[in-house]
Amino acid sequence: MPPTQAESVIKNIIREIGQECAGHGEIVSETLAAFMVKAVVLDPSNGFNMDRPLMKSDVQKLVKLCVSRLLDSKNPSLDTIKMQVYFDMNYTSREEFLEEHHRVLESRLGSIMREITDNRACAREELESLYRKIVSYVLLRSGLGSPTDIKIVREATAALQSIFPQAELGTFLTLSKKDKERQLKELTMIVTGIRLFNRDCGKGGEGIDDLPAILREAIPATTQHIDSQLQTAQDQAYRYTAILEKAANNPFLSIELQPYMLKEALYNVRQYEVFLQIILSDIITCAQEVEMMIKQLGAQLEQLKMIVKSKTAVPTSQVFPIFIALSNLWTSFQDETVLISVLSNLTTHLVPFLGAHELLFPEKVIQNLLDGLTVKTDVCRVKEHLEDRVHLADFRKQEWLFPETTANFDKLLIQYRGFCAYTFATTDGLLLPGNPAIGILKYKEKYYTFNTRDAAYLFAENPENYIDLIREKAKKNAELIQLLELHQQFETLIPYSHMKDVDKHIKPITKSESSTQTDTHILPPTIVRSYEWNEWELRRKAIKLANLRQKATHSVQTDLSHMRRENCSQVYPPKDAGTQSKREGSSQVPRPQIYIAGLRGGQGKVTSGVKVNLTRAVDET
């Protein structure tokens with residue numbers, strides 16, 4: 001069947017279901033009817049084949065089944081589905097809500113904005129009318145009072161005239177449309193800041209509510225109300241769980257409880273608990289933002305007082321940025337007020353989806369079923385098995401995560417909203433909280449928790465089997481798809497509020513002791529150290545080498561340094577040598593004896609000496 005034809009058939013089915021329900025006095029939205037169609041088709045007990053086109057008889061059967069389920073006013077399963085559809089249609093994240101809120105405000109101011117920016121006033125009366133429109137625009141955009149209150153209008157006009165006198169309208173009219181819009185927004189913020197400052201000084205502030213005080217009173221009251229509703233829902237869930245846990249071990253009691261649809265009631269109250277926790281988280285965020293903004297508001301006002309004091313004139317460059325900051329803070333207070341109101345109304349409108357509990361389970365019936373049972377809270381169940389941890393030595397293929405080995409342990413996205421997968425699969429849908437301290441099983445990039453160590457061991461033996469059982473159970477009870485966050489397995493039933501989270505997987509950051517060792521150089525180095533790319537460096541080296549040709553190396557050793565290091569040298573060792581002659585001989589010569597006489601002189605002036613040689617002849621010796 002072509003996509004356009006299939007879409008037309010589905011629209012006709014939804015329209016027919018709505019008409020049938022309206023004929024029985026039940027108003028059903030198209031979203032609820034579409035969800036019910038998909039839920040009925042998914043249920044294998046209804047016998048619809050997804051692989052072949054629907055025949056006329058199939059369409060009639062589908063419409064009949066959907067209408068019968070939508071008209072069953074005593075079915076907790078239907079109340080849960082209605083609650084899920086209502087919450088999905090009315091809840092948005094904080095960022096999306098504020099963005100949509102601002103967009104709506106802009107659209108409401110669009111008409112008066114166009115009247116001002118498209119105005120071509122020339123006459124005096126027309127200029128005065130244009131100025132009054134600007135005052136009305138400033139009041140409407142700021143939300144500080146009604147433009148029909150004469151006192152508020154006078155105060156706003158006086159503040160506007162102090163920064164934008166009527167004489168400047170001529171210059172304003174010559175601007176482009178975008179510049180006019182920008183200036184109007186800027187004027188609004190400055191006027192708002194002036195009025196807030198005057199209110200703080202006790203000189204004005206007509207029609208301005210004390211939003212910080214209102215929020216400080218409303219947030220604790222709303223939080224207390226939601227806390228009480230959450231505690232009531234949790235107590236009811238604990239009692240249902242205790243009864244169903246007993247019935248899981250007693251087949252006769254299980255058969256006896258089947259008409260009461262106790263499991264469907266447990267799903268209903270658990271879903272209500274989840275929605276309350278989401279709303280409470282947003283309100284806590286609001287409280288944190290409000291406390292921070294109150295401090296900023298006080299600091300800005302105090303700074304402005306220090307600048308102004310008793311001066312008659314203050315530079316605009318000093319005060320205008322503070323006025324704009326005050327305006328932005330007050331706009332944030334208004335946003336928080338609207339957000340708190342919307343969340344409070346959302347909480348109130350969730351209560352009617354719990355109406356079947358009092359009809360199906362009167363207090364007397366519950367007390368009889370609880371006779372002899374101990375009602376355990378989720379915290380008590382976790383503490384019971386806090387020390388029973390999975391032993392890693394028992395598993396070689398599976399990966400287990402623990403608080404001490406995983407940095408982001410608390411941020412992991414646990415499957416089935418943290419409920420024990422094994423218990424849910426083996427007890428036909430009993431919801432017991434999982435205990436992460438036992439160990440989180442990582443299987444195919446998904447994370448599972450269990451209420452006992454035995455459940456963890458049994459699930460780890462064959463995870464696919466238990467995952468298939470849970471999927472089949474969800475087909476029979478379509479409310480489980482959103483309650484257990486099974487959107488990836490049923491992509492056609494993904495609610496809008498979960499569309500952005502489908503592909504978000506937080507991977508665990510595991511911690512472990514490890515060491516590595518690498519070779520210093522795995523491959524032989526290929527870097528040429530002598531290479532130089534700079535020609536000036538090459539020039540320097542060339543000059544250095546040229547200069548070395550005319551240099552000589554000298555070394556000096558001093559008395560202080562001669563013992564600093566060991567020196568060694570190599571020499572040829574001396575050798576013994578001798579000669580031999582034919583005969584030995586010797587000779588002796590006489591000792592010379594020569595005497596000189598007459599050296600002492602005489603009486604004459606001339607001395608005459610006589611040399612006497614007394615040396616003996618050679619042959620006489």
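Visitor: What makes the pair Glu106 and Arg141 a salt bridge?

Guide: Happy to start there! This is a predicted model, and in it the closest N and O atoms of Glu106 and Arg141 are 2.7 Å apart. A salt bridge asks for a side-chain nitrogen of Lys or Arg within 4 Å of a carboxyl oxygen of Asp or Glu, so the pair at 2.7 Å qualifies.

Visitor: Which parts does that pair tie together?

Guide: Glu106 lies in helix α5 and Arg141 in helix α7 (residues 124-142), so the bridge joins parts that are 35 residues apart in sequence.

Visitor: Why is Glu106 called partly exposed?

Guide: Its relative accessible area is 34%. Buried means under 20% and exposed means over 50%, so Glu106, at 34%, falls in between.

Visitor: Where in the chain do Glu336 and Arg94 sit?

Guide: Glu336 is in helix α14 (residues 316-350) and Arg94 is in helix α5 (residues 94-108), 242 residues apart, so the term "distant parts of the chain" is used for them.

Visitor: Are Glu336 and Arg94 buried or exposed?

Guide: Both Glu336 and Arg94 are buried, which means that each has under 20% relative accessible area.

Visitor: What makes Lys376 and Glu384 another case of a salt bridge?

Guide: The N to O distance between their side chains is 3.0 Å, and the cut-off is 4 Å, so the name applies. Lys376 has a relative accessible area of 25% and Glu384 has 43%. Each value lies between 20% and 50%, so both residues are called partly exposed.

Visitor: How many salt bridges does the structure hold?

Guide: There are 27 salt bridges. Some are joined up: Lys263, Asp428 and Lys473 are linked in a network.

Visitor: Which residues make the contact between α2 and α3?

Guide: The axes of helix α2 (residues 30-42) and helix α3 (residues 56-70) come within 10 Å and cross at roughly 115°, and the crossing is right-handed. Leu32, Met36, Val37, Val40 and Val41 of α2 meet Leu62, Leu65, Cys66, Arg69 and Leu70 of α3.

Key
Residues are numbered from 1 along each chain as its sequence is written. This is a predicted model: local features need pLDDT of at least 70, side-chain atom pairs count only at pLDDT 80 or more; totals for chains, interfaces and linings use all residues. Side-chain values use heavy atoms; hydrogens and water are left out. Axes are lines fitted to C-alpha atoms, for helices over the stretch in contact, and angles run from 0 to 180 degrees between N-to-C directions. Helices (H or I, at least four residues) and strands (E, at least two) are DSSP runs, numbered from the N terminus. A crossing is left-handed if the near helix is turned anticlockwise from the far one by less than a right angle, and right-handed if clockwise. Contact means heavy atoms within 4.5 Å. Buried means under 20% relative accessible area, exposed over 50%, partly exposed in between (1.4 Å probe, protein chains only).
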